[in-house]
Amino acid sequence: MSDTDTDSPSTQGKMLEGVKVLDLSTFVTGGFSSAMLANLGAEVIKVEQPGYGDAIRHSGPPFIQGESPYYWTVNYGKQSLELDLKNDRAKEAFYELVEHADIVVQNYRPGTAERLDIDYDTLSEYNDQLIYLAISAFGQTGPWAKRSGYDLLIQGMSGLMSVTGEEGRQPVKVGVPMTDLITGMWAGFGAMASLYRRERTGEGEYIDLGMLEATLPWLTKQAGMVFADEEPTRMGTKDPVLAPYQTFETKDGYINVCILNEKLWHELCEVIDRPDLPEDDRFAQNADRVEHQDALEAEIEATLTEKTTDEWIEIIAEEGGVPAGPVYEVEEALNNPQIDARGAVSEIEHPELGEIPVIEHPLKFANGESGFDRAPPLLGEHNREVFAELGYSEAELDELEAAGVFGDADDASQGSDGE
């Protein structure tokens, strides 16, 4: 149980101020979920393997003075604690942390937490109001439960890759670790729901979250096609149920055009000076256009290649009010007038590197506070601080170090059993 006084909730500070999270996870799934909680004010203690840490620290290149900027993106706002959970004294210290925690996050392969004596049944004996989030590739039950799995495997097995890429070519994975991030968002959502339920009932919770199942609800329109006995296919940027809803080539690049109804279709044809298109029976209604997408693409692209992307954005989006936008490189996506105006990318002070970029989370509350207060932590940066907050004296902290609680100074063993 946390130290939060639930009888006198604060009306100031961040949304999750007073909530304590112990994050045992590696890579992205658990890390992204606990970063979401940290952004809302939770105190997130990242429990890491001594001498090596979270494997995402070593994911690169690129590296900046030995640090992976990929690691930064899912670890803003946290503290780092090295704990050798195979050391009995370290395990006792971890149990003491659990007594004061609200949430534990782990993404071990099923069975690993039990072997380490940090499973839900064990930890709930120390804190019966604990919310325990167990993330794995396939969930804790079923014939594939013991398999390891990562984003690429789940993208393939969830159906995402079967509908990503161009017709007649091999399946393509989404360019970002989509299923990791999907799972991380479900994890954050589940943790928040469990906190709310605990406020009403006083009960803790065990959450079993599998990456494969986490991804299926995102299939939406493709799942709907299967339910209607149709087979989704790879269509490049075309859409199976809307047209035109895709990327077109311009004189100097690409533009995305999104037409969701007949009103927008007629407005598009007007602003690009193609009033003939709606009069063509092949393009009269959305169902007709979906059936004749190749011909429609040829007609529209013949017009759009006459001007630059910027010129068409001015004509279609700014003047015409029709949904259209450029295809940005990642650097452009992170640096443009809209992102600057919204403060979506800012800077935070790093203990060794000075100011580093931080991608802020998008929820902007009228009455609550959010935002990252800490840079991604150095490995073991808060070893002593975490236990000092529990009341440990300097002598007791020295004893923990001597007992190998934080690992051996030369310990740089690699690997983890996380998903």
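**What "buried" means, and Asp 102**

A residue counts as buried when its relative accessible area is under 20%, as exposed when over 50%, and as partly exposed in between, using a 1.4 Å probe and protein chains only. Asp 102 is a buried case, with a relative accessible area of 0%. You'll find Asp 102 in the loop between H3 and strand S4 (103–106). A polar atom of the Asp 102 side chain lies 2.7 Å from the backbone nitrogen of Lys 20.

**About the model**

This is a predicted model, where local features need pLDDT of at least 70, side-chain atom pairs count only at pLDDT 80 or more, and totals for chains, interfaces and linings use all residues. Residues are numbered from 1 along each chain as its sequence is written, and side-chain values use heavy atoms, with hydrogens and water left out.

**Helix H3**

Helices (H or I, at least four residues) and strands (E, at least two) are DSSP runs, numbered from the N terminus. H3 covers residues 88–99, and its 12 residues reach 17 Å from first C-alpha to last, close to the 16 Å expected at 1.5 Å a residue; that expected span is 1.5 Å times one less than the number of residues.

Buried residues in H3 include Ala 90, Phe 94 and Leu 97. The buried residues of H3 pack against strands S1 (20–23), S2 (43–48) and S3 (78–82), plus helices H5 (120–124) and H16 (383–388), where contact means heavy atoms within 4.5 Å.

Terms used:
A polar contact is a pair of N or O atoms within 3.5 Å; within protein, one must be able to donate a hydrogen and the other to accept it, and residues adjacent in sequence count only if both atoms are side-chain atoms.
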